[in-house]
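Please look over the structure shown here before reading on. The points below are meant for someone new to it.

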Amino acid sequence: MLYSFRKELNDAINRGFDRTLRLAVTGLSRSGKTAFITSLINQLLNIDRNDNNHLPLFEAAHNNTIIGVKRIAQSDLSVSRFDYEGNIQALNEIPPQWPKSTEGVSETRLAIRYQRQSGLMRHFKEKGTLYLDIFDYPGEWLLDLPLLNLSYVQWSQQQQSLLQGKRQELAQNWLEKVKKLDLSAVVNEDILAQLAKDYTVFLFDCKAEGLHFIQPGRFVLPRELENAPILQFFPLVHLNQSQLLQLQQNAKEGSYFKVLTQRYDYYCQHVVKGFYHRYFSTIDRQVVLADCLTPLNYSQQAFLDMQQVLQQLFSNFHYGKRSLIHRLFSPRIDKLMFIATKADHITTDQLPNLISLMRQLLQEGGRHAEYEGIDTEYTAIAAIRATKQWMIKQDGKRIYALQGIRSSDKQQVTLYPGSVPSRLPNKQFWQNQNFEFDQFEPQPLDNSSVIPHLRMDSVLQFLLSDKL
Ligand SMILES: Nc1nc2c(ncn2[C@@H]2O[C@H](COP(=O)(O)OP(=O)(O)O)[C@@H](O)[C@H]2O)c(=O)[nH]1
Ligand SMILES: [Mg+2]
């Protein structure tokens, strides 16, 4: 009798403790989203009751809170499935390969079975399941948020002010053609489509030069919208304000100017708002990944561009009650983590500098803005650690070095990667620029098939520990 009462109570409690957590992971293409999610899943699946040495800082893995973790069918069946098996297979090849790059949104779901080890309810053997939905979406799409506040004419002017240096150079082909267009004439769809194509080529060329501040974001990651008229428009950057306003007043229905305006408006209403409604408003926790090392290999313009991009990403989460995003989508994010990725390219003594550099990039002058009601953290990790670290003592000094297989020539190299600037580098830095962050090949997985990482355990601790 007593036993069945207990069992009933236990069952009731257990049902009460099943919950769902929606974790979103974003960042620009190649910032390391796929590597991050693959490693996160791998670290969790490898938790067992005996040895959890791979996650020293994740408490729930050590105090036997987590009983087991399984992959199960995702909740949103219309979104592509995150290809965990494919990515692990790539890492298991001889020699190991980086997981294939992907585009667009993908999703996966884990069931984490746990049993509380502390708290009032531990006497009832409180067990529960945390359903963790992880989804991956391109950071490029978050760059479109400001469009919702701008008319087509305003957006054109803003794009004009961006057109400097390398961007201006790359824009020439498209720009020369647009200049010849009579914008009040009746539209020719084929010409418009071709010009939009030229504009898209220009955006891809910018990306290839390490310039990532690209609007509209869908143009470089169109997915199912490829070749759709909704992506066939561009800003008018060769006209001044009064010329633009004149067109706005006088252009007739069916003219180039009117059609461009309509497509821009349609893009804002359907593509941009659609994305925020469908995904953004359902997120509980958000991870934003940033590769702050690669832009150091390019130029000052690429680096400043990265700053613009990160500040733009950041503004998506910095929402007071009066902000655009709050008014439109009432988001509910309670934890936010900014992560500098690929930290295995530097020695561990440089990690604080890397984190500090990322903060400088995210917030003008490193102001540590607090978010209303959002617990925010900044860290640096390697999701899939490709290098080993060595410490050499020389004349009583410690010197750190890295060893790994360099991607360019597949040779094993030992290097001293030097120091990462902790603040935004000045002109002088760019003149004597000697950064060379090579790519490395992933290391083979050992028998346990746990992916070697750097600080993924502290990420898990921040994101999950209060839910277990
Ligand atoms: N060394 C190192 N390289 C990484 C790591 N994560 C990603 N990369 C590199 O960055 C590339 C892009 O990563 P990926 O996860 O595909 O980026 P995504 O486009 O944001 O999904 C990979 O192919 C690797 O070359 C890491 O933890 N360490
Ligand atoms: Mg990816």
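1. Basis of the notes. This is a predicted model, in which local features need pLDDT of at least 70 and side-chain atom pairs count only at pLDDT 80 or more, while totals for chains, interfaces and linings use all residues. Residues are numbered from 1 along each chain as its sequence is written, chains are lettered from A and ligands numbered from 1 in the order in which they are written, and side-chain values use heavy atoms, with hydrogens and water left out.

2. Polar contacts of ligand 1. A polar contact is a pair of N or O atoms within 3.5 Å; within protein, one must be able to donate a hydrogen and the other to accept it, and residues adjacent in sequence count only if both atoms are side-chain atoms. An oxygen atom of ligand 1 lies 3.0 Å from a polar backbone atom of G32. For A383, a polar backbone atom is 3.0 Å from an oxygen atom of the ligand. With K342, an N or O atom of the side chain is 3.0 Å from a ligand oxygen atom. Ligand 1 taken alone exposes 580 Å², of which the protein buries 96% (Shrake-Rupley method, 1.4 Å probe).

3. Helices α11 and α13. Helix α11 (residues 300-315) packs against helix α13 (residues 351-362) at an angle of about 75 degrees, with the axes 7 Å apart. Helices (H or I, at least four residues) and strands (E, at least two) are DSSP runs, numbered from the N terminus. Axes are lines fitted to C-alpha atoms, for helices over the stretch in contact, and angles run from 0 to 180 degrees between N-to-C directions. The angle makes α11 roughly perpendicular to α13 (65 to 115 degrees). In α11 the contact (heavy atoms within 4.5 Å) involves F303, Q307, L310, Q311 and F314, and in α13 L357, Q360, L361 and L362. By class these are six nonpolar, three polar and no charged residues.

4. Helices α5 and α9. The axes of α5 (residues 152-162) and α9 (residues 256-278) come within 10 Å and cross at roughly 90 degrees. Y152, V153 and W155 of α5 meet F257, L260, T261 and Y264 of α9.

5. Backbone. Most residues other than glycine have a negative phi, and most peptide bonds are trans. R30, in the loop between β1 (19-27) and α2 (33-45), has a positive phi near 70 degrees. The I94 to P95 bond is cis, with omega about -10 degrees.

Technical notes: Parallel < 35°, antiparallel > 145°, perpendicular 65-115°, else oblique. Nonpolar A, V, L, I, M, F, W, Y, C, P; charged D, E, K, R; others polar.
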